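Please walk me through this protein.

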Amino acid sequence: MSEDFMLDTDDLERRMDGAMSNLRTEFASLRTGRASASMLEPVMVDAYGQQTPINQVGTVNVPEPRMVTINVWDKGLVGKVEKAIRESGLGINPQLNGTIIMLPIPELNEERRRELTKVAGHYAENARISIRNVRRDGMDQIKKAKNDGLSEDDQKLWEDEVQEMTDRFIKAIDDQLATKQAEIMQV
């Protein structure tokens, strides 16, 4: 390989890992019929003039398998937290009890399960697009180096390495998607 060209594969891999991490977070937010505190992670509350995660305005608990509770610390934010949950698209109807917001998790019906598998597929496709964008950046760096004198053999070696990394991450996304869809469809 050329001494003067060194593709930063660690940076490419770090960026692809970031896309995978984001996918795991999005998958965790999908309801599978069981209550989970992580399902509220993407929900942001308009608190104190900025968007704030729910876990920074109250304590999130899972007291039973089909119930999530949020004990909001500031009484003035209870309405904003409730509104943020209603508008989040989670399909949960919050119930107020003073400063405690209860979120009963309804049993998923077949139609909602199919809808959630489509949402999971959408999240996975967004992750694949992110991975392919990182791949394109790496390939662009290699093409630029080719124009600056990188040999064709070295170019091919670098391109193969970037493609192998891309294929590995895409397969991981597909595996996670299959697992999540099976979990959603499980009754």
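Strands are DSSP runs of at least two residues, labelled E and numbered from the N terminus. The model shown here is predicted. In it, strand E2 covers residues 50-53, and Thr 52 lies in that strand.

Is Thr 52 buried or exposed? The cut-off for buried is under 20% relative accessible area. Thr 52 has 8% relative accessibility, so Thr 52 counts as buried. Leaving aside residues up to four places away in sequence, Thr 52 touches Val 43, Met 44, Val 45, Ala 47 and Val 57.

Next come two further strands. E3 spans residues 58-64 and E4 spans residues 67-72. They pair in the antiparallel sense, over five bridges. Thr 59 has Asn 71 in E4 as its bridge partner. A hairpin of two residues joins E3 to E4.

Now the cores. In soluble globular proteins, nonpolar side chains tend to be buried together. The largest nonpolar core here has 29 residues. Among those with the most contacts inside it are Phe 5, Phe 27, Ile 131 and Ile 173. Helices H1 (9-29), H3 (110-147) and H4 (152-185) each give two or more residues to this core. H3 gives the most, with 10 residues.

Take Ile 173 as a close-up. Residues up to four places away in sequence aside, Ile 173 touches Met 20, Leu 23, Ala 124, Ala 127, Arg 128 and Ile 131. A second, separate core has 21 residues. Val 68, Leu 90, Ile 92 and Ile 105 are included in that second core.

Note on methods. Residues numbered from 1 in each chain as written. Predicted model: local features only at pLDDT ≥ 70, side-chain atom pairs only at ≥ 80, totals over all residues. Heavy atoms only, no water. Helix = DSSP H or I, 4+ residues; strand = E, 2+ residues; numbered from the N terminus. Buried < 20%, exposed > 50% of the residue type's maximum accessible area, 1.4 Å probe, protein only. Contact = heavy atoms within 4.5 Å. Pairing = 2+ DSSP bridges. Core = buried A, V, L, I, M, F, W, Y, C linked by side-chain atoms within 4.5 Å.
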